[in-house]
4 protein chains.
Amino acid sequence: MSNIEQRIATSFAAQALMQTLGAKLALVADGEVHITLPFSKHLSQQHGFMHAGAITSVVDSACGYAALTKAPPEYEVVSAEFKVNLLRPALGEYFLAIGKVQNAGKSLTVCTGEVRAFAGGDASYKVVALMQATMVNVPVTA
Amino acid sequence: MSNIEQRIATSFAAQALMQTLGAKLALVADGEVHITLPFSKHLSQQHGFMHAGAITSVVDSACGYAALTKAPPEYEVVSAEFKVNLLRPALGEYFLAIGKVQNAGKSLTVCTGEVRAFAGGDASYKVVALMQATMVNVPVTA
Amino acid sequence: MSNIEQRIATSFAAQALMQTLGAKLALVADGEVHITLPFSKHLSQQHGFMHAGAITSVVDSACGYAALTKAPPEYEVVSAEFKVNLLRPALGEYFLAIGKVQNAGKSLTVCTGEVRAFAGGDASYKVVALMQATMVNVPVTA
Amino acid sequence: MSNIEQRIATSFAAQALMQTLGAKLALVADGEVHITLPFSKHLSQQHGFMHAGAITSVVDSACGYAALTKAPPEYEVVSAEFKVNLLRPALGEYFLAIGKVQNAGKSLTVCTGEVRAFAGGDASYKVVALMQATMVNVPVTA
C-alpha cells in the first residue's frame, strides 16, 4: 500500500460509524475513493429501504477520503458541508459509494459523490444518491 | 397521543437505523419534530467525534417527520434532498435534532433543521449542524 | 428545429433576465442544454469578476431547460432548489453553462450543471461553478 | 457610518451586478445585512415572475456582506457555495433579501438567508426563497 492508502485505511478503521454500518473501504486512488455498504435491515427507514442517513454516511466518508488524497501531507480533511439528492428508494443487496475530487484548492476541496445500488450478482446498477460536497483541510494536531 | 403523534411514533419505531443509532423521538408538534441522540463511540469518525452521517441521519428524520405533520392524511413523506453544514466538531454527551417546516406546498415541503450538542447537565448548547431540506409527499401504498 | 427545441427557444426568449445578462441559448439536446454568457463588467462583483448570481442564473436556466427536455408535453418545469459551488473566481471572456439531467422522475428531475470559463480563443477552459439541482414538473396553465 | 458600514457600502457600489439588477443596500448590522430589489420585468423568467437567478444574486450578496461584518479587518469574503430553495413564484412589487451569520469560524462563515416579497404597500410579506451558504475569508490583496 502507498502511504496515502495506508493513511486512509488507518483513518477508516478508526471511523467507528463505518464499522457499525458494516461499510468497507474498497478503493483508494488519486482523487477517488470507493466504499461498499451491504444492505442491512438494521439500517433501514420505515419501509425497509436503506435510510438516507446510512447512504449519506458512506458517500460523505468517500468524498472526505477522496479529498484527503489531494491534501498536503500535514493536513487532514473534515466535511464543511454537503448536499445530497436521493434519486430513488435505496433498494439493493449492496451499495457502492464513490467520492471524486472535482477541484482541490488551497483550503477547500469540492467533491462529487454517487451511491450505486447492486442486486442479484448483476454488474448493472441504479444510482440512488448524488452528493456535492465541500471539504476543508485542517492542520493535523498532535 | 394524537393521531399524527401515533402515526409518527409507529413510523419512527420502524426506522431500524434510529434504533441502531440509539435515537429517540422526543417531541412531535405541528410542523416541528425533535429527536435525541446520545453520544456513542460506535458512531464516531476518526477523531472520536460523532460522524457527520450520524448527525445527518437524525436531523433528516426530524425534518421528514416535521413535514409529515403537514402532509395530507393519505400521504407519507420521503426526503428528496438535503444540504447540511457542519459548524463545528460534534462533541457532546447528547444531541438534539430539531426539524421545522418552513413551507408546506402541495407536493413539496421545505424544512430547516439544526442539531444541538449538550454536555454536563447544562441547558446551554452549541449548534453543530444546520440542514435545509426538501421533502416530497407520496401517496401511501397499501 | 424539433418541437422541444422550438418550445425551449420560445421560453428562453421570454426569460427577460437572460436578455438582460446577454445570455444565449447555444444547444438543446435530449437531457442537456447549453447557454453561453459573454463577460460583461455590468455583471461583476466588487473585484471585477462575474458575480456568482450571474453565473448561477445561466446554469439554473440550463438545468431547467435540460429538465424540460424530459418532461411530459403538457408540463413545464420550475426550479425547486439548487446548490452551487463556486470553484474559483469567474474570470474569462465568455462562459458556457451546461445543464444535464441525471434522473427524471415522475414529478422531480435531478440535474447537474457546470459553468466553464474560456479566454483567448482557446478551446481549453476552467470550470468555475458546479450545480446540483432539483426541478419540478408543473402542469401548464392556460 | 461605522467603518464596516462604509466598507460594505463601497464594496456594494463596486458590485456592478447589483446596479444592473437595481438592488440597494438597505441595512448593515453586526452579522446581518439587508438588500432590496424592486420588481423589474427585465429580470423575469418566462412567466413574468422574477428569475431565481436575480433572487439568488441579492441574497448571495446579503449573506456575503453579513459574513464580512464578522471577518477580521484585513480579510474579505467570497462565496464558497450556497443552496437555495425557491418556495413559491417570486411575485411582488419589491423584494427584501436578508442575510444572517449563523456561525463565524476562523476561515468559514455559515449564513442563512431569506427573500421576502412585498406588494401593495402592505407590511405583510411572503418568503419566496431560503438560502444556506458558506462564505470563506480570504486575505485582502493590495
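Interfaces of chain B with chains A and D

User: What makes residues of chain D and chain B part of a contact, and how many does each chain give?

Analyst: Chain D gives 14 residues and chain B gives 14 residues; contact means heavy atoms within 4.5 Å. This is a predicted model, in which local features need pLDDT of at least 70 and side-chain atom pairs count only at pLDDT 80 or more, while totals for chains, interfaces and linings use all residues. Residues are numbered from 1 along each chain as its sequence is written, chains are lettered from A and ligands numbered from 1 in the order in which they are written, and side-chain values use heavy atoms, with hydrogens and water left out.

User: What is the area buried between chain D and chain B?

Analyst: About 1,200 Å², with 49% from carbon and sulfur atoms. Buried area is the accessible area (1.4 Å probe) that two parts lose on being put together, summed over both.

User: Why is the pair D:Glu81 and B:Lys83 called a salt bridge?

Analyst: The rule asks for a side-chain nitrogen of Lys or Arg within 4 Å of a carboxyl oxygen of Asp or Glu. The closest N and O atoms of D:Glu81 and B:Lys83 are 2.8 Å apart, so the pair meets the rule. Across the interface of chain D and chain B the rule finds two salt bridges.

User: Which elements of chain D supply at least two residues of the side that touches chain B?

Analyst: They are strand 3 (75–86), strand 4 (94–104), strand 5 (108–118) and strand 6 (126–139) of chain D. Helices (H or I, at least four residues) and strands (E, at least two) are DSSP runs, numbered from the N terminus.

User: How do you know what relation chain D has to chain B?

Analyst: Chain D can be laid on chain B by a turn of 180° and a shift of 0.0 Å along the axis, with an RMSD of 0.0 Å. That is why the relation is that of a two-fold axis. The copies are superposed by least squares on the C-alpha atoms of residues with pLDDT of at least 70 in both. The same surface serves both copies, as 100% of the contact residues of chain D recur in chain B.

User: How many residues do chain B and chain A give to their contact, and what area is buried?

Analyst: The contact takes 34 residues from chain B and 34 residues from chain A. The buried area is about 2,500 Å², of which carbon and sulfur atoms give 53%.

User: What makes A:Glu81 and B:Lys83 a salt bridge?

Analyst: Their side chains meet at 2.7 Å, N to O, which is within 4 Å, so the term applies. Two salt bridges are found across the interface of chain B and chain A.

User: Which element of chain B gives the most to the side that touches chain A?

Analyst: Strand 3 of chain B does, with ten residues.

User: Why are strand 3 of chain A and strand 3 of chain B called paired?

Analyst: Two strands pair if DSSP finds at least two bridges between them. Five bridges join these strands, which run antiparallel, so they count as paired. In strand 3 of chain B, B:Glu81 stands opposite A:Asn85.

User: How do you know that chain B and chain A meet through the same surface?

Analyst: Because 100% of the interface residues of chain B are also interface residues in chain A, the copies meet through the same surface. Chain B can be laid on chain A with an RMSD of 0.0 Å by a turn of 180° and a shift of 0.0 Å along the axis. In chain B, the C-alpha nearest that axis belongs to B:Lys83, 2.0 Å from it.
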